[in-house]
Amino acid sequence: MCYSGEETQREPGRENLQGFLLDVYERLYAHYGPRHWWPAESAFEVIVGAILTQQVSWRNVEKAIANLKARDSLSVEGILALPHAELGLLIRPTRYYNQKTQRLKDVCLVIREDFGGDTGLFLQQEPGALRRRLLAVRGIGKETADSILLYAAGRPVFVIDHYTHRILKRLGLAHGGESYDQLQHLFEAHLPLNAALFNEYHALLVTHGHRLCLKTGPRCPECPLSDLCAHASQAGVQPDGRQPAGTSVP
DNA sequence: GTCCAGATGT
DNA sequence: ACATCAGGAC
């Protein structure tokens with residue numbers, strides 16, 4: 001991430017883009033209200049949830065977290081103490097449980113070996129160092145690492161996911177070929193670097209992608225962004241949320 | 001591109 | 001029966 005401020009001077013269109021992004025934020029917030037993310041009782045629970053939620057609905061993650069809590073195993077030592085097969089059984093609702101079992105143990109190993117098992121110390125690292133350490137764990141990619149940076153460590157890092165990319169495409173701010181870093185730059189370069197703002201914004205985007213801006217059959221008539229959106233305004237979406245044949249906009 | 005490999009809504 | 005889900009590795 002580039003926090004060095006080289007482009008706080010002048011970037012063509014910066015003022016307009018910032019205004020647009022803030023407008024989208026305000027509309028989503030007005031429509032959905034505060035999201036209270038991340039739903040967890042501790043920073044360590046955020047780390048576990050960030051790994052378990054990969055490509056899986058949050059519903060299933062809640063079951064797995066509840067299983068871990070019920071056995072008093074939601075801790076660095078608790079997870080490391082469980083045999084692989086037993087931990088896999090507890091988190092089975094989150095799918096890919098063999099891979100995720102190893103991912104949980106690998107993060108816990110880093111926290112124990114390099115930070116004396118102190119999750120707070122682990123998260124207090126300089127953000128760049130923490131991100132590199134997370135990305136060095138097999139099974140932690142950019143989105144998972146940034147979710148931990150933002151929601152567990154409170155760092156102003158914008159998290160990009162599939163919902164975000166889809167919504168940006170429909171708003172005409174992306175075409176589909178952008179990298180994670182490009183999309184992240186779009187937000188971080190054009191918004192104040194504020195962890196509370198990034199927290200709420202990403203949460204709102206996920207809620208919007210989940211409830212209204214669906215992959216197929218988006219519910220445009222109910223959408224607070226429809227007048228800004230290429231999908232609703234150009235394709236002539238009908239009141240039932242579907243489109244006339246042949247006018248599909250990705 | 002393929003693999004990983006459960007729960008839920010339609 | 002079928003699609004989708006708070007991804008990542010290869």
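Me: In this predicted model, which residues are the closest to DNA strand C?

Reply: A residue is taken as near a strand if one of its heavy atoms lies within 4 Å of it. By that rule, 24 residues surround DNA strand C, and the closest are Thr53, Gln55, Arg138, Thr144 and Tyr163.

Me: What share of the atoms of DNA strand C that come within 4 Å of the protein belongs to sugar and phosphate?

Reply: Residues are numbered from 1 along each chain as its sequence is written, with chains lettered from A and ligands numbered from 1 in the order written. The model being a predicted one, local features need pLDDT of at least 70 and side-chain atom pairs count only at pLDDT 80 or more, while totals for chains, interfaces and linings use all residues, and side-chain values use heavy atoms, with hydrogens and water left out. For the atoms of DNA strand C that come within 4 Å of the protein, the share from sugar and phosphate is 63%.

Me: At what distance does the backbone of Gly141 lie from a phosphate oxygen of DNA strand C?

Reply: A polar contact is a pair of N or O atoms within 3.5 Å; within protein, one must be able to donate a hydrogen and the other to accept it, and residues adjacent in sequence count only if both atoms are side-chain atoms. For a backbone N or O atom of Gly141, the distance is 3.1 Å.

Me: Which element supplies the largest share of the surface near DNA strand C?

Reply: Helices (H or I, at least four residues) and strands (E, at least two) are DSSP runs numbered from the N terminus. Helix H9 (142-151), H10 and H12 each supply at least two residues of this surface. The largest share, three residues, comes from H9.

Me: Which elements give two or more residues to the lining of the largest pocket?

Reply: On a 1 Å grid over the protein atoms alone, a pocket is an open set with protein on both sides within 12 Å along at least five of seven lines, a cavity is a set of points where a 1.4 Å probe fits but cannot get out, and lining residues have an atom within 4 Å of a point. The largest pocket has a volume of about 1100 Å³, a volume being the space filled by probe spheres set on points joined across faces, edges and corners. Of its 30 lining residues, the closest to the centre are Thr53, Val56, Asp161, Tyr163 and Val206. The elements asked for are H9, H10 and H12.

Me: Which residues are the closest to the centre of the largest cavity?

Reply: There are two cavities of 30 Å³ or more, and the largest holds about 100 Å³ of space. Of the 15 residues that line this largest cavity, the closest to its centre are His208, Cys213, Cys220, Cys223 and Cys229.

Me: Which element gives the largest share of the lining of the second largest cavity?

Reply: About 40 Å³ of space lies in the second largest cavity, and its lining includes Leu21, Thr164, Ile167, Leu168 and Tyr201. Helix H1 (14-32), H10 and helix H12 (195-211) each give two or more residues to that lining. The largest share, three residues, comes from H10.

Me: Is Gln18 buried or exposed?

Reply: Gln18 is found in helix H1. Its contacts (heavy atoms within 4.5 Å), leaving aside neighbours within four places in sequence, are His190, Leu191 and Pro192. Buried means under 20% relative accessible area, exposed over 50% and partly exposed in between, with a 1.4 Å probe and protein chains only. Because its relative accessible area is 19%, Gln18 is buried.
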